[in-house]
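Reader: Let us go through the terms in this description one by one. I will ask what stands behind each of them.

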Amino acid sequence: MRIVKSPTPDLFASAADRGQRTEPLAEGAAILRAFAAEDAAALMRSLREILEAASFRHMTTPGGFRMSVAMTNCGTAGWVTDRTGYRYDPMDPLSGRAWPPMPQSFRRVAATAAVAAGFAGFEPDSCLINRYDPGARLSLHQDRNERDYTAPIVSVSLGIAAVFLFGGAKRNERPKRVLLESGDVVVWGGPARLTFHGVAPLAEDNHPLTGPHRINLTFRKAL
Ligand code: SIN
Ligand code: FE2
């Protein structure tokens with residue numbers, strides 16, 4: 001008997017295997033430990049190409065504060081903030097051109113992670129790419145600039161570990177603090193879709209994949 005290897009990898013089988021290290025965070029939210037670990041180097045290679053067209057920049061909040069997290073985007077629309085407010089923009093305001101397209105490797109990890117967390121059919125059109133330098137942080141916020149909230153948020157951590165804050169539906173709920181390491185993926189949707197979340201100040205460290213940084217890919221269905 002000859003064992004014929006399937007010509008296309010079985011996305012769902014691999015998602016199920018890797019889903020064995022799923023940690024529930026809340027109803028509709030889970031951490032998929034090391035889900036993207038095998039893809040991390042390929043994701044970083046794709047990121048380098050994105051950065052040639054759309055480099056990291058520190059955006060300004062509507063209140064006039066410079067964000068400590070440096071950001072860029074890929075996909076049909078990118079999340080931006082400036083003095084006029086928050087929005088999804090089809091154009092990169094820095095270059096005046098469309099954002100770079102979302103690489104297949106990005107799309108695939110987002111879709112398979114969503115399936116593993118119980119959200120089939122996730123087709124992100126936007127990926128916000130965050131770079132945390134030592135001391136950079138993200139205060140508690142909801143992701144609510146998307147057009148509809150039926151799609152989940154899928155968030156991939158690469159490089160230096162960070163403390164992720166995962167609160168509740170109201171800002172004043174005390175958040176859980178969970179350490180996210182390179183390759184961990186957090187998915188929140190359904191009843192958890194508008195959960196307040198953030199990232200504690202990044203510690204100084206060095207990681208073979210990212211040097212002194214943490215990179216986070218946040219996939220959304222924005223439009
Ligand atoms: C975000 O909320 O946009 C990023 C979360 C993270 O960096 O883990
Ligand atoms: Fe967020």
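Author: A polar contact is a pair of N or O atoms within 3.5 Å; within protein, one must be able to donate a hydrogen and the other to accept it, and residues adjacent in sequence count only if both atoms are side-chain atoms. This is a predicted model, in which local features need pLDDT of at least 70 and side-chain atom pairs pLDDT 80 or more, while totals for chains, interfaces and linings use all residues. Residues are numbered from 1 along each chain, chains are lettered from A and ligands numbered from 1 in the order written, and side-chain values use heavy atoms, without hydrogens and water.

Reader: Which residues are around ligand 1?

Author: Among them are Asn130, Leu138, Ser155, Phe164, His197 and Asn216. The test is one heavy atom within 4 Å.

Reader: How do you know that Arg214 lies over the face of Tyr132?

Author: Arg214 is 4.9 Å from the ring centre. The rule asks for NZ of Lys or CZ of Arg within 6 Å of the centre and within 35 degrees of the ring normal.

Reader: Why is Asn216 called buried?

Author: Its relative accessible area is 4%. Buried means under 20%, exposed over 50%, partly exposed in between (1.4 Å probe, protein chains only), so Asn216 is buried. Asn216 is found in strand S13. Its side chain makes a polar contact of 2.8 Å with the side chain of Ser155.

Reader: How many aromatic pairs does a search of the whole structure find?

Author: Five. Trp79 and Tyr86 have ring centres 5.5 Å apart and planes at 25 degrees, so they are stacked. Rings of Phe, Tyr and Trp (its six-membered ring) pair with centres within 6.5 Å; planes under 30 degrees apart count as stacked, over 60 as edge-to-face and the rest as tilted. Trp79 is buried at 11%. Tyr86, at 46%, is partly exposed.

Reader: What makes the pair of Phe106 and Phe219 edge-to-face?

Author: The planes are 80 degrees apart, with 6.0 Å centre to centre. Phe106 lies in helix H3 (residues 104-116) and Phe219 in strand S13 (residues 214-220), so the pair ties together parts 113 residues apart in sequence. Helices (H or I, at least four residues) and strands (E, at least two) are DSSP runs, numbered from the N terminus. Phe106 is buried, with 0% relative accessible area. Phe219 also counts as buried, at 0%. Elsewhere, ring pairs link Phe164, Phe166 and Trp188 into a cluster.

Reader: How do you know that S3 and S6 pair?

Author: Two strands pair if DSSP finds at least two bridges between them. S3 and S6 (residues 126-132) have six, in the antiparallel sense. Asn73 has Leu128 in S6 as its bridge partner. Leu128 is buried, at 4%.

Reader: What makes strand S3 mostly covered?

Author: Six of its six residues, 70-75, are buried. Ala70, Thr72 and Cys74 point one way; Met71, Asn73 and Gly75 point the other way.
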